[in-house]
Every structure is written in C-alpha cells, then in structure tokens.
Amino acid sequence: MLRKIASIGFLFAVSAAVVLALGGELFVAKAIAEEAASAAGGYGPAPVLTEADYPKVSGMNGRLVVWVVAQLHLWFAAFVLAVPIFVFIIEAIGMRTRDKRYDDMAYEFIKVSITAYSLTAILGGLLLFALIIFYPHLFGYLSVIFKESMIYYALLFFAESAVLYLYYYGWHWLQGDIRKWIHLTLGLLLNAVGTTLMLLANAWLTFMMSPAGVDPAGVFSGDSWAAIHNFLWNPINIHRFVANIAYGGSIVGAYAAFKFLTAQNAQEKAHYDWMGYNANFIAICALLPLPFAGYYLAAEIYAYSQQMGITLMGGIFAWLFIIQAVLIGALFLSANYYLWCGMGRSDGAKRYFKFIKYIAIVLIGAFLVWFTPHTLVLTNAELKALGGPHHSILGPLGIMPAKNTAVNLMIMFTFLSFLFYRRSNKQATVSWERVGNILQVALFTAGIANILFLGIYHGYFTNTVYKVAASIPQVLTTFVVIVGSLVLDSFIYRGAKDVGPLHWGRIPDRAQYALFLLAVAFTWLMGLMGYIRSGIRQHWHVVDIMRDASADAYTPTLGYAANVVSIAAIIFLTLVIFVFWIAQVSSSKSLPAGYWKE
C-alpha cells in the first residue's frame with residue numbers, strides 16, 4: 001500500500017512541478033511579449049532574434065539536448081496513449097464474452113504502462129525546462145499564443161493522472177455488474193483525456209510548420225482556435241493517432257515476447273503466446289492504414305508549402321525515405337513471419353503452408369521496389385560510367401507510382417497472410433464453400449490487376465497529374481478487396497467447426513524475435529520521421545514568421561541525424577527493458593524462511 005501511495009505521490013509531484021514551471025514561464029513569456037508588443041492589439045510580433053538571445057550552458061549543445069529529450073518524451077507518450085486504447089477494447093471484449101483471459105491480459109497491459117507513464121511525465125518536465133533554458137524567446141512566443149491551451153494541458157495532465165490510477169488500482173475492486181460498467185467508463189474517460197492531450201500538443205508543433213491566426217509579422221490576432229486549427233493539424237492528428245496505436249501494439253508485443261522467452265512452464269508460455277498474438281494483431285491492424293495516413297500528411301504538407309514538400313520528398317531528406325522504406329519493409333516482413341510461425345498452433349494449417357512462399361516472393365519483390373532510389377548517389381567516375389544519375393532499368397522503379405503500387409500489394413498480401421491464419425483452424429460447413437473461395441480468389445485477382453494497371457499505365461504513360469491522382473483508386477481498390485474478402489470469409493466460416501484445439505505456446509522461440517524486431521523498427525522509424533518533420537522547417541522556428549538565429553540553425557548531415565536518433569533509440573529501448581523488469585519484479589514475492597517473527 002505504501003508503494004502505491006508513494007508512486008501516486010511521486011507522479012503528482014512531477015505534475016505539480018510541470019504546472020508550476022509552466023505557470024512561471026507563462027509569466028515570463030507575457031513580459032517578453034509585452035516588451036515587444038506593437039501598438040495595435042497588444043500581442044506583439046514574433047521577436048527578431050540574434051545569436052546572443054540563445055543562452056549557453058557550458059559543455060551542452062542546446063539543440064541536441066532538446067532533440068533527444070523531446071524524442072524520448074514522444075516515444076513514451078505514444079506508448080502510454082496507445083496502450084489504454086486497446087486495453088479499453090480488450091476489457092470490453094472480456095466483459096462482453098465473460099472470458100476472464102481478456103480481462104487479465106488488459107490488466108497486465110495497463111500494468112506495464114504505469115511505469116512508462118511516470119517516465120513520460122518526468123521526460124515531459126525535463127523537456128519543458130530544456131525549452132525554457134535553451135529557447136526562452138521561442139517558448140515565450142508560443143506561450144502567448146497558446147497560453148489557454150497550455151493551462152488546459154496541465155490541468156488535463158492532472159486529470160489523466162487521477163483517472164489512470166483509479167483505473168489501474170481499482171481494477172480488481174470494480175468487478176461485476178454495475179462496478180464493471182463504472183470501471184469501463186473510467187477507461188473511456190482515460191482515453192478521451194489522453195487523446196485531447198495529444199491534440200493540444202499537436203497544435204503547438206503544427207503551428208510551427210503552418211502558422212495560423214497571425215499576420216506575416218507574427219502578430220497574434222487573439223483567435224486561439226485559429227492557431228490550433230492550423231493547416232496541418234488534422235493530418236498530423238490522423239497520422240499520429242494511427243501510428244501510436246501500431247507503436248503501442250509493437251511495444252506490448254515485445255513485452256509478451258520477453259515474458260514468453262523467460263517463462264518457467266508451459267502454462268506461462270501459452271499465456272504470453274496468446275498475449276503476443278493479440279498485440280501483433282493490434283499492431284498489424286494499425287500498420288495497414290499507416291502508409292496511407294503518411295501519404296495524406298505528405299500531400300497536405302506539399303499543398304501548404306511546395307518548398308517544404310520538395311524539401312521533404314525531393315531534397316536533402318529524400319534519402320531518409322529510402323531508410324524509411326527499409327524499416328517499413330522490415331515491419332511488414334516481421335509481422336508476416338510471426339503470422340506464418342503462429343500458424344503452427346493449429347493442426348489444420350498445413351493446408352496453407354504451400355502458399356506462404358508465394359506471399360513471401362511478392363512481399364520481398366514489393367519491398368525491393370519500395371526502397372529502390374530514383375537518383376543514385378555516385379562519384380564522378382561512377383556517374384560518367386553509368387551515363388547519368390538514373391539507372392536505365394531500375395530508375396523507373398524510384399518514382400511514386402511504383403512505390404504506391406508496391407505498398408498496396410504489400411498491404412494486400414499481408415492481409416492474405418492474416419486470412420490464412422484466421423481460417424487455418426476452421427473447417428467450413430456451408431455448402432457453397434467452393435463458390436465462396438472462387439469469389440475471394442476473383443476479388444483478389446481483380447484487385448491486384450487494377451492496382452498494377454493504375455500504377456503502370458497512369459504512372460508511366462499518361463500526364464504527370466494522373467500519376468498522383470491514380471494513387472487514390474489504388475487505395476480504394478485495396479480497401480474494397482480487404483473489406484469484401486472479410487465479409488465473404490465471415491459468411492463462409494459462419495458456424496464452422498474447429499479442426500482441433502489451438503496449441504498456444506506451440507510456436508518457435510525465433511517468432512518472438514520477430515516481435516522484438518517490430519518494436520525496434522517502429523522506434524527507429526518514428527525517430528527518423530520525427531526528425532524529418534521538424535527538419536523541413538530548416539532555419540525557421542516558426543515557418544516564415546520567426547527565424548532561428550542560433551549557432552545550430554543548419555540542417556545536420558543525414559549520418560549525424562541517424563546517429564542521434566539511433567543513440568536516442570538505444571536509450572529508450574534500455575528504459576523499456578527497465579519498465580519490463582519493473583513489471584516483472586512487482587509481481588514477484590520473496591518469503592525468506594526465519595526472517596520474520598511468528
């Protein structure tokens with residue numbers, strides 16, 4: 001009990017520190033704004049800074065400190081936002097089916113996130129202090145514009161802390177009938193507060209990319225909603241929400257893999273195998289639409305500013321998208337590999353083993369197309385020998401029609417892997433099973449043919465406008481195939497017989513390393529994409545409004561940026577291992593003989 005009280009007190013102490021620091025900085029920001037205020041309105045223009053306006057701390061690089069702390073905070077924030085979402089869904093499923101396994105799994109997931117939530121709060125406070133110390137004028141300017149939302153953010157953080165602890169520590173108390181409904185309502189409230197916190201924070205970062213509610217000099221009109229609802233707010237909200245769910249699923253999947261590999265008996269292995277499957281299922285469900293959310297965000301960035309769009313996809317950051325393609329390919333391959341290994345839990349899966357090699361060939365082929373660059377980095381001698389920066393055969397695979405075609409095929413065949421896994425332990429009883437299978441094959445065949453036609457014909461034989469426009473019907477084709485096939489499958493296997501009991505725990509250890517790869521690839525990918533999103537502002541704190549005049553107002557080399565993200569990822573994954581260990585220690589009991597009096 002004392003441990004629980006201490007942890008609650010610690011988190012509230014951190015929350016109080018954040019609120020007090022925020023309140024003090026708002027006072028300082030107001031003084032800065034009033035000093036620079038223009039005669040009209042009272043909300044001064046963005047300050048024109050010099051290098052002297054950036055405080056120096058001996059032996060510390062301000063940008064590097066803010067970069068690493070912000071990235072660590074965002075990784076943990078993504079995790080603690082996503083976990084309650086699928087914990088709520090899993091708990092609701094357990095409540096609906098009265099299967100206690102779901103309730104126990106949901107409780108273990110939220111248990112893992114408790115320590116992560118404390119680390120998120122600590123890193124958030126550290127990020128706030130780093131911004132105050134190294135970028136006081138920038139933070140002051142943003143504080144004037146977003147002062148109301150920052151106060152609401154601090155209050156909502158208190159509310160989230162209170163609801164989270166009621167939700168976690170009241171889990172076993174609020175069981176049965178009306179009490180379970182109260183507990184489920186707390187879970188819904190927790191997710192509502194957490195999502196609102198994410199939306200508010202997204203407004204601050206997107207304002208720096210697409211400022212709104214200010215004039216060209218940065219004078220704030222006083223309309224807070226205009227500043228929040230800037231051009232890129234909704235695209236970032238959609239992309240980050242989907243990505244966070246996929247990321248949270250990958251982290252708890254890594255936790256289940258860790259517990260599976262350290263399990264002491266077959267019962268524990270079966271339990272954590274089942275947990276790992278569910279976590280992987282959540283990650284895949286969010287991973288499938290994630291590329292489309294990313295394309296939507298990139299298109300909106302280009303629509304807002306062609307300069308930022310070209311810098312993003314065709315400038316200095318273009319080669320980071322090759323790394324992105326490799327990492328996303330690793331995500332798809334590891335997710336499929338885990339599903340293929342998981343088919344061994346069923347005695348009826350042998351029927352579908354012969355198809356796995358063909359799925360693997362398509363996935364690897366699409367993966368190779370996806371990370372093929374359009375323009376090669378060459379020495380003068382290589383450039384002369386090749387006759388130009390574009391390979392005559394592989395060069396056409398580097399443009400977006402080929403990439404869009406590849407990613408749609410990867411998504412479709414990943415879904416096919418799931419479909420085989422789903423029906424591996426089922427035996428259909430309907431009389432029209434063969435007809436239903438023919439319809440499914442026809443649906444997949446027509447979908448693949450349409451995706452290839454749109455990508456090849458409109459991508460290489462029509463006007464450039466159609467190259468971009470063709471991506472929309474490709475996405476719709478993939479969506480129709482997935483939804484249509486699911487509907488058909490549900491009717492084909494309605495009332496189906498089980499081939500036999502599922503053998504949870506009968507999965508090779510190497511499958512667990514696929515779950516680890518999923519978490520590591522997601523972590524690195526989020527770090528690199530976060531760098532790109534911030535880096536396209538180049539020498540601006542707030543694009544076209546507030547210029548960065550610090551000594552670090554330059555775009556670092558790709559190698560340097562990759563090293564920083566990699567070091568931050570190692571720190572984060574080390575802390576995640578610590579979180580896993582704490583969760584394991586908290587459930588262990590030691591009863592030393594002869595130590596306590598009778």
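Mentor: We shall take salt bridges, aromatic pairs, charges over rings and a surface patch in turn.

Mentor: This is a predicted model, in which local features need pLDDT of at least 70 and side-chain atom pairs count only at pLDDT 80 or more, while totals for chains, interfaces and linings use all residues. Residues are numbered from 1 along each chain as its sequence is written, and side-chain values use heavy atoms, with hydrogens and water left out.

Trainee: How many salt bridges does the count come to?

Mentor: Side chains of opposite charge can pair when their charged atoms come close. A salt bridge is a side-chain nitrogen of Lys or Arg within 4 Å of a carboxyl oxygen of Asp or Glu. By this rule there are eight salt bridges. One of them joins K100 and D104, at 2.8 Å from N to O. Both residues lie in helix α3, four residues apart, about one turn of the helix; helices are DSSP runs of H or I with at least four residues, numbered from the N terminus.

Trainee: Are D273 and R345 buried or exposed?

Mentor: Buried means under 20% relative accessible area, exposed over 50%, and partly exposed in between, with a 1.4 Å probe and protein chains only. D273 is buried at 0%, and R345 is likewise buried at 0%. Their side chains meet in a salt bridge of 2.7 Å, N to O. This pair links distant parts of the chain, with D273 in helix α9 and R345 in the loop between α12 and α13, 72 residues apart. By contrast, K100 is exposed at 56% and D104 is partly exposed at 31%.

Trainee: Which residue forms a salt bridge with D489?

Mentor: The partner is R422, the closest N and O atoms being 2.7 Å apart. R422 lies in helix α15 and D489 in helix α18, so the pair ties together parts 67 residues apart in sequence. D489 is buried at 0%, whereas R422 is partly exposed at 31%.

Trainee: How many aromatic pairs does the structure hold?

Mentor: Rings of Phe, Tyr and Trp (its six-membered ring) pair if their centres lie within 6.5 Å; planes under 30 degrees apart count as stacked, over 60 as edge-to-face and the rest as tilted. The structure holds 34 such pairs. Among them, Y54 and Y135 are edge-to-face, with 5.9 Å centre to centre and 80° between the planes. Y54 is buried at 7%, and Y135 is buried at 10%. The rings of W67 and Y531 have centres 5.3 Å apart and planes at 15°, so that pair is stacked. It links W67 in helix α2 with Y531 in helix α19, 464 residues apart.

Trainee: Where does the charged end of R63 sit?

Mentor: A charge sits over a ring if NZ of Lys or CZ of Arg is within 6 Å of the ring centre and within 35 degrees of the ring normal. The charged end of R63 sits over the ring of Y554, 4.6 Å from its centre. R547 lies over the face of W540, at 5.5 Å from the ring centre.

Trainee: Which helix supplies the largest share of the nonpolar patch?

Mentor: Helix α18 does, with five residues.

Notes. Helix = DSSP H or I, 4+ residues; strand = E, 2+ residues; numbered from the N terminus.
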